[in-house]
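Hello,

Here is the structure I promised to pass on to you. Please open it alongside this note, and my findings follow below.

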Amino acid sequence: MTDHFDALETRDPAAREAALMAALPAQMAHAKHASNAFGQILKNVNPGTVTCRQVLASLPVTRKHELLERQQACRSAGGNVFGGFSAIDFGSHMPRVFSSPGPIYEPEGRASDYWRMARAIFAAGFRPGELIHNSFSYHFVPAGSMMESGAHALGCTVFAGGTGQTEQQVQAMRELRPAGYIGTPSFLKIIVEKAVAMGVALPGVTKAMFGGEAFPPSLRDWFAGHGIAGYQCYATADLGLIAYETAAREGLVLDEGVIVEIVRPGTGDPVADGEVGEVVVTTLNPDYPLIRFGTGDLSAVLSGTCPTGRTNTRIKGWLGRADQTTKIRGMFVHPGQVADIIKRFPEVVRARLVVSGEMAKDTMTLMVETACSGPDALALKIGEAIRDVTKLRGQVELVLPGTLPNDGKVIEDARSYK
């Protein structure tokens, strides 16, 4: 039995990169033509020139809040419910529509394994001919459908368990004897604990694929103690699968159908490998062709390749949220403003705005990494830029390069909320 879902997973990295970059201009042209939103966003972009990551990085990032704002504006005007981002419309090309908090509405196209989840399900140990107990929600949000369509593409049968009704979940597992579970780790823990309380053994459930929640090592070990090997995947309702865990348990391997960048929060500027930043994704999905979509999630690239033989780039997994907007003395300050400040000073390597004190008596200090001489003059100029951009006064503290933590934080709220 093969250890890989398909030959794409073990391609030479250079061949993979060449294939992705070769597909990019056509996807850009399609998005610009078939999606009204990207027709506007990319109006001054020639798709034929977008053939490498350097050019891609020069394009604007569309973040989730911007997608929501466009959807809301279009709906208020009686226009397209998807804000012009979808390349398909209601009817035979769109069998389902889902909703995420906002609400943001997402289309589902007719392609087999539309969300590309089969690859992650395979990596979690599931194989054709098995029964999977799917406890992701089947209403409003797409999670249940995402996993079911992936399982079907893999050749598995699905029990649509959904959420809630814990005793019935235990009964179904006992009688149907599924090979494993797909859903949130917290709900499977509840099911297993309920089974123990009921005196019901579930020996068939030996593997699980989790999503939607953090899956720390302590919880992984808890499941292992109950005979269940759990693996996590990283997916969103907008993009489908982004990355997935393998048996090596060394980060998450990127999916083959997306182009992923890690950028400095508040900007579209890629960071060096290993540095924490926001996950920005360009999908090759023709039905919902999102270009440089900012997920708002933080992660970082891991060096090297997966010991399982998969050669795609690995990321560390979910490391927090990139939207660190905070209110200081009645004014909102967001990471993009910090980026605007430091762009004015080529001597600055990185910066971090630290908000301290108590609410209504707070102070902000911009910690600036720089190796330049004449720090007093530089600090004075940066202080002026802080007031110019944020309309607030702030202190400046210059530190040596490498001093600030590599955690993706641009704004740190260290205030006391007593």
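Let me start with a question: does Asp-113 count as buried or exposed? Asp-113 counts as buried, at 16% relative accessibility; buried means under 20% relative accessible area, exposed over 50%, and partly exposed in between, with a 1.4 Å probe and protein chains only.

Before going further, a word on the source: this is a predicted model, in which local features need pLDDT of at least 70 and side-chain atom pairs count only at pLDDT 80 or more, while totals for chains, interfaces and linings use all residues. Residues are numbered from 1 along each chain as its sequence is written, and side-chain values use heavy atoms, with hydrogens and water left out.

Now the backbone. Most residues other than glycine have a negative phi, and most peptide bonds are trans. Asp-113, in the loop between β3 and α5 (118-123), has a positive phi of about 55°. Helices (H or I, at least four residues) and strands (E, at least two) are DSSP runs numbered from the N terminus. Arg-177 also has a positive phi of about 55°; this residue sits in the loop between α7 (166-176) and β6 (180-183) and is exposed, at 68% relative accessibility. A cis peptide bond links Gly-102 to Pro-103, with omega about -5°, and Pro-103 belongs to the loop between β2 (96-100) and β3 (104-108).

A polar atom of the Ser-35 side chain is 2.8 Å from the backbone oxygen of Gly-84. Beyond its neighbours within four places in sequence, Ser-35 is in contact (heavy atoms within 4.5 Å) with His-30, Gly-84, Phe-85, Ser-86 and Pro-289.

Finally, the cores. A nonpolar core is a set of buried Ala, Val, Leu, Ile, Met, Phe, Trp, Tyr and Cys residues joined through side-chain atoms within 4.5 Å. The largest has 64 residues, of which Met-117, Ile-121 and Met-209 touch the most other members. Leaving out residues up to four places away in sequence, Ile-121 touches Phe-126, Ile-132, Met-147, Gly-150, Ala-151, Leu-154, Ile-182 and Met-209. There is also a second, separate core of 21 residues, including Val-338, Leu-353, Ile-386 and Leu-392.

Methods: A polar contact is a pair of N or O atoms within 3.5 Å; within protein, one must be able to donate a hydrogen and the other to accept it, and residues adjacent in sequence count only if both atoms are side-chain atoms.
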